[in-house]
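Student: I have a structure open and would like to go through parts of it with you. Could we begin?

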Amino acid sequence: MNLTYKISIYALKVLKPDANGKVRPKPYGVRWATAGKQHSEWYKSKALADNRRSDLKQFVKKGEAFDITSGLPESEVKKQSARSLLKLAQEFISESWEEAAPNTRKRYVDTLAIPVAAFVGSQKGAPPARVLRRVLTTHLLPDNTRNRSLSSTEQDAVDWIEANSRLVRELADKIETGRLLRSLGRNLDGKAAAAWTTRTRRGVLHHLLGFAVDVGELDANPVTGLKSSTQRGTSEVDPRSVVNPAQGRQCLAAVTYAGTTTGQYDYLYGFFATMYYAALRPCEVNRLREPDCKLPETDWGELILEKSASRANGRYTDSGELWETRSLKRQAEGAVRRVPIPPVLVAILRWHLETFGTTPDGRLFRGTISGGPINATVYTHAWGRVRELALTPEQLESPLADTPYSLRHAAVSTWLAAGLPPAEVAERAGHTVDVLLKVYAKVLDGQREKSNQKIDNFLFT
């Protein structure tokens, strides 16, 4: 807006009947000027024109600036251009789309469909909840699907939400924001969402309303400092899930004889071992290539990481493929992470290369059918079979090593317990120090009394 306080309001203008004596449909004119630019509005009755002229004079009296181009008071211009929550969510996703990873895009779309569907002015004529959620997640919100053709039922749902989505500025009311936050705690079937899911959704909504502040829809982010039951839960690692060195070796050994046939999961032995000894994320193991590995015949080796391979719905990837190569988490594009690896992992990776070779692009690990990166469903199922063989019945019922990701937690906790400085551990694991200490707080409490042995001794004694 180009604003001015130079405003002149003139007397009403009354148009006479035309040459044929016909009365004009809107003969009463309100006229004013902003910084010399003339404006007018015309009304059917003198009373309506007087009211509008009086309103303009009140805006001037309050000291409100006027937009030179439209001639309207600043508050009216903002009201006319105010965004609905649907419109804001679309702009936010479009702004974030290019730089976001596929799974981040999916998280934004799936999460924001919930508050957009909930923050409406009326439920009259509302489409079924599942239809509305479908058009939001497959048409209105993703940046790359807004022009797809729709069925008549879907088009009716689109028309309804576009007409009923409430204005973002109404969320300046903390009560309204609180209601919106509570909507994040329920899934589409009405059941309570998991605490971690709810916290993640709250984070996305916080980002959205921060964007609302950036574009001038809100003066402050209403989620900031707002207490909510959605904050229940913890981001710390459950210390009961972290295996000790003996249990870790036992689980890895079980990989080689789990399955319905001998050697069924041998190709995953190095996969799990890399997570355990080097603290790699599964997506980083999936992208590990032979040129990234320094594997001497004796002594410690090194992994040099620069990319990860993430799986996502093809709707959210730029290529439309299910797998996409991304830069490392919490790392700038082109950055690398160096991870020293002990001789035992060096030997395992050398054995894996001799036994299975690499893919044409040099990757060490691949699925047995597609040859692509290994799906989470595959290695998670295999890990379930491994636990059945490696753990006692009591341990099997506990959270101990409940997911493959527990191997990464075990690696980090081992390094910390062996005396490595948190900054070095954070660098190896691809964490920031503050996140590292927050996530592993409970594990550290349980290991504070352990001696600062060398990692070699700690792992193998």
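**Loops and a helix**

Tutor: D299 is placed in the loop between β7 (293–294) and β8 (301–305). Strands (E, at least two residues) and helices (H or I, at least four) are DSSP runs, numbered from the N terminus. The model is predicted, so local features need pLDDT of at least 70, side-chain atom pairs count only at pLDDT 80 or more, and totals for chains, interfaces and linings use all residues. Residues are numbered from 1 along each chain as its sequence is written, and side-chain values use heavy atoms, with hydrogens and water left out.

Student: What is the phi of D299?

Tutor: Its phi is positive, about 75°, although D299 is not a glycine.

Student: Is D299 buried or exposed?

Tutor: D299 has a relative accessible area of 53%, and therefore counts as exposed (over 50%; buried is under 20%, partly exposed in between, with a 1.4 Å probe and protein chains only).

Student: And where is A279 found?

Tutor: A279 lies in the loop between α10 (269–278) and α11 (282–287). Its phi is also positive, near 60°, in a residue other than glycine. A279 counts as buried because its relative accessibility is 0%.

Student: New topic: how many residues has α8?

Tutor: Helix α8 (residues 195–214) has 20 residues. From first C-alpha to last it reaches 29 Å, close to the 28 Å expected at 1.5 Å a residue, where the expected span is 1.5 Å times one less than the number of residues.

Student: Which residues of α8 are buried?

Tutor: Among them are V204, L205, L208 and L209. What covers the buried residues of α8 includes α3 (85–97), α4 (102–118) and α7 (174–183).

Student: What follows α8?

Tutor: G216 follows α8, with a positive phi near 85°.

Technical notes: Contact means heavy atoms within 4.5 Å.
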